[in-house]
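Subject: Model with ligand, for your review

Hello,

Here is the structure we discussed. Please look it over, then read the notes below.

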Amino acid sequence: MSITRSRIVSTGHYLPENVVTNYDLEKRVETSHDWIVQRTGIHQRHIAADGQTTSDMAIKAAKQALENSGLKPEDIGGVIVATATADRAFPSVAVAVQHALGTQFGPSFDVSAACSGFVYALSTADALIRSGQVKRFLVIGAEKFSSLLNWEDRRTCVLFGDGAGAVILEACEGTGTNADQGMLTSHLHANGQYQDMLYVDAQSGFINMDGQEVFKFAVNSMSKIVAETLESVNLSPSDIDWLIPHQANVRILEATARRLGMPMDKVIVSVNKHGNTSAASIPLALHTAVSENKLTRGDLILFEALGGGFTWASALMRY
Ligand code: ACO
């Protein structure tokens, strides 16, 4: 029986012009290029200009995704933006995108799930598409994490970057797990018991993180959610063509791949160039893979992420 699924039509991205290398950071805090590379795999990150907002970046990424799709703004039925760094408490970044692009007046809202936000947004858009409410969504991850950083705290300021990635998701018809294209399954989780492991301090406005605890939980929960996802559709790790994880730390990506028995050449890595861009990291990694012609239509791709909350999520789709 044929069912409605949602497939990725196109991707877009935006990275601020200002590239900050590890060597630049050596001049600001007591750190070294070698320490940052060994512990995280990060070589550089992009940092937004003064006055440049999350909406500015989201709009640029969305425009590129639209351009790459050949669609018109009026073909887009709704906008979902995953972000923890909206310009204002309200209205949402999504309505700023909707206004800038002149898309239809369908649902437009932000999703807050920290680094898992993009997968939460993708899953939400997929559900609304499958329910028949919206035919085509712009799903965006956009962050200005530099606004949450204490540039004197070496434990956090070396880890994060700014940017935005966007996809256009549209309804398509498919059958079974061998459908040519589209979302096969998605899984969302949260456990508020861990709120104090990774959070933005209300007083200072800066990120606080228990790095080692986050690291351990990330490796464990990522392996578990990948197994849960594959089991739900009777597939195994060897069926995955590309793992596109949240880009926090290359050591987390390596540990997850090792536990799954996946070679690193099946894992998309962009944390080296972007740093951790939170909800923007997966769509940025996806766009990088698409631009480098790594993905072929029909490839099985698995997105997975862990973020503050803790929240964690996965989505399995044929590209
Ligand atoms: N440069 C040099 N030394 C440093 C730096 C730095 N930038 N930062 C910390 N150190 C020092 C510490 O002070 C410590 O020194 P000490 O032994 O004298 O006390 C030493 O290096 C080791 O510190 P650890 O914190 O134990 O280092 P670790 O190997 O755990 O690496 C890191 C830290 C990179 C943060 C790691 O724990 C990590 O990646 N954690 C996961 C982060 C993550 O995945 N976040 C994802 C979610 S993000 C989100 O949701 C917004």
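Which helix gives the most to the shell around the ligand? Helix 7 does, with four residues.

First, the ground rules. This is a predicted model, so local features need pLDDT of at least 70 and side-chain atom pairs count only at pLDDT 80 or more, while totals for chains, interfaces and linings use all residues. Residues are numbered from 1 along each chain as its sequence is written, and side-chain values use heavy atoms, with hydrogens and water left out.

The ligand shell

The ligand is surrounded by 25 residues (near means a heavy atom within 4 Å). The closest are Thr31, Arg39, Cys115, Gln212 and Asn249. By class, twelve are nonpolar, eight polar and five charged. Here Ala, Val, Leu, Ile, Met, Phe, Trp, Tyr, Cys and Pro count as nonpolar, Asp, Glu, Lys and Arg as charged, and the others, Gly among them, as polar.

Several elements supply at least two shell residues each: helix 2 (33–40), helix 6 (154–157), helix 7 (211–232), helix 8 (250–260) and strand 12 (300–307). Helices (H or I, at least four residues) and strands (E, at least two) are DSSP runs, numbered from the N terminus. Domain 1 (3–176) and domain 2 (179–318) each give at least three residues to the shell. Those domain bounds come from an automatic or database assignment.

Polar contacts

These are pairs of N or O atoms within 3.5 Å. The side chain of Arg39 places an N or O atom 2.6 Å from a ligand oxygen. Gly308 uses a backbone N or O atom, 3.1 Å from an oxygen of the ligand. Trp35 has a polar side-chain atom 3.5 Å from a ligand nitrogen. On its own, the ligand has 1,000 Å² of accessible area, and the protein covers 75% of that (Shrake-Rupley method, 1.4 Å probe).

Backbone points to check

Most residues other than glycine have a negative phi, and most peptide bonds are trans.

- Phe90 and Pro91 are joined by a cis peptide bond, omega about 0°. Pro91 is in the loop between strand 4 (78–82) and helix 4 (93–101).
- Gly309 and Phe310 are also joined by a cis bond, omega about -10°. Phe310 is in the loop between strand 12 and strand 13 (311–318).
- Ala114 has a positive phi of about 50°. Its loop runs between strand 5 (108–111) and helix 5 (117–130).
- Asn234 has a positive phi of about 55°. Its loop lies between helix 7 and strand 11 (242–245).

Best wishes

How values were computed. A polar contact is a pair of N or O atoms within 3.5 Å; within protein, one must be able to donate a hydrogen and the other to accept it, and residues adjacent in sequence count only if both atoms are side-chain atoms.
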